[in-house]
Amino acid sequence: MNVRATEEITSVVRTAIEAARWAPSVHNTQPWSFVVDGDEIALRADSERKLRIGDATGRELLISCGAALMNVRLAVRALGYEPQVRVLPDPDRPALLATVRLAAAVAADSGTRLLYAEIKRRRTHRAGFTGLPVPERLLEALVAEASTEGARLTPVRSEPAVRVLAAITCAAQEVQSQNRPLSLELIRWARPPGSPRTDGVPAEGYPREPRRTRPHFAQRDYTHGHPWGNDTDQFFSTSTGVVAVLTTKGDSGQDWIAAGQALQRVLLHASAHGLSAAFHTQALEMSHLREFLRQELCSQEQPQMIMRLGITFDDTRGVRRPVTDMLEER
């Protein structure tokens, strides 16, 4: 391989890891690291960033890493190479979640370019939405995007079902707020105003006084009694938006990684068309509530994410660790 080709591959690999760091993750923990070997990127789980109480099984960690894997795949393909992906390639190394090798040269299609352009623009929303309607054709497109990755996105059409999801989210939030070890774990990932940290949820990432939606979906309390939050006018942000549930047929580590890839594909497509998403995972972190949802609302499939989709005029700033912090030696 000539010097020019080597330099191009090095640039593509670096850009792919740069894209991966913008993936969403639970509490913005960014629980991943990367090892580079020539034209291959290895994605690893960073156990130091796992939520040992809130995510004891590692399900949300793997969903987060699955979203990062999707960004790597999109970047590699957008930059002219076919990503050759192996998920959980070595049973003896459970922290090795996936490898991505630059294979044959390809021309990126318009869909790939569309999603790739949204990687740095996409933001997590933590409040209500405007009352502007979400087009039905867009929802159908999001369902198709999830299906591409082997997951199912179901917009919840039934008002009673939406009320059940809202009530169970609020109940889980109330219970978790009384759990001191869980609250201390959450505080670890809450950033006060002016913090120089490049991970965790910044105080500017949610409104100081959010308005209640109807039905109301409880948000995480990252303030732990402090008057934190932004001062964005929430006058028009009173709509719940479209509630949707992401499910998979199985519930293995491979299914969780697939759910993360499907989630990120959905979020990027939504972002490209002016939609934001708010996540509500409290009930999914309690095994008995998650099982209740599986049996009663998810047609026996495994619920991996509860979200609300809608239109907002907020423009928050994303915070991510530098690439150098995510690279490990071989």
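Is Cys-65 buried or exposed, and what is the relative accessible area of Cys-65? Cys-65 is buried, with a relative accessible area of 1%; buried denotes under 20% relative accessible area, exposed over 50%, and partly exposed in between, for a 1.4 Å probe and protein chains only. The model is predicted, so that local features need pLDDT of at least 70 and side-chain atom pairs count only at pLDDT 80 or more, while totals for chains, interfaces and linings use all residues. Residues are numbered from 1 along each chain as its sequence is written, and side-chain values use heavy atoms, with hydrogens and water left out.

The structure holds zero disulfides, a disulfide being a pair of cysteine sulfur atoms within 2.5 Å.

The packing of helices was examined next. Two packed helices are described by the angle between their axes and by the distance between the axes. Helices (H or I, at least four residues) and strands (E, at least two) are DSSP runs, numbered from the N terminus. Axes are lines fitted to C-alpha atoms, for helices over the stretch in contact, and angles run from 0 to 180 degrees between N-to-C directions. Angles under 35 degrees count as roughly parallel, over 145 as roughly antiparallel, 65 to 115 as roughly perpendicular and the rest as oblique.

Helix H2 (residues 59-78) packs against helix H7 (residues 253-272) at an angle of about 55°, and their axes are 7 Å apart. H2 and H7 are therefore oblique to each other. Their crossing is right-handed, a term for a near helix turned clockwise from the far one by less than a right angle, with left-handed used for anticlockwise. Among the residues of H2 that meet H7 are Leu-62, Ile-63 and Gly-66, and the H7 residues include Trp-256, Ile-257 and Gly-260; contact means heavy atoms within 4.5 Å. By class, this contact of H2 with H7 has eleven nonpolar, six polar and three charged residues. Here Ala, Val, Leu, Ile, Met, Phe, Trp, Tyr, Cys and Pro count as nonpolar, Asp, Glu, Lys and Arg as charged, and the others, Gly among them, as polar.

Helix H7 also packs with helix H4 (residues 136-148), their axes coming within 8 Å and crossing at roughly 150°. H4 and H7 are therefore roughly antiparallel to each other, and their crossing is right-handed. The contact includes Leu-138, Ala-141 and Glu-145 of H4, together with Arg-265 and His-269 of H7. Its residues divide into seven nonpolar, two polar and two charged.

For helix H5 (residues 159-177) and helix H8 (residues 287-296), the axes come within 11 Å and cross at roughly 175°. This angle makes H5 roughly antiparallel to H8. Val-164, Leu-165, Ile-168 and Ala-172 of H5 form the contact with Leu-289, Phe-292 and Leu-293 of H8. The contact of H5 with H8 has seven nonpolar, no polar and no charged residues.

Two single residues complete the description. Val-242 lies in strand S8 (residues 242-248) and counts as buried at 18% relative accessibility. Residues up to four places away in sequence not being counted, Val-242 touches Val-134, Leu-139, Pro-155, Met-307, Arg-308 and Leu-309. Ile-187, in helix H6 (residues 180-188), counts as partly exposed at 33% relative accessibility.
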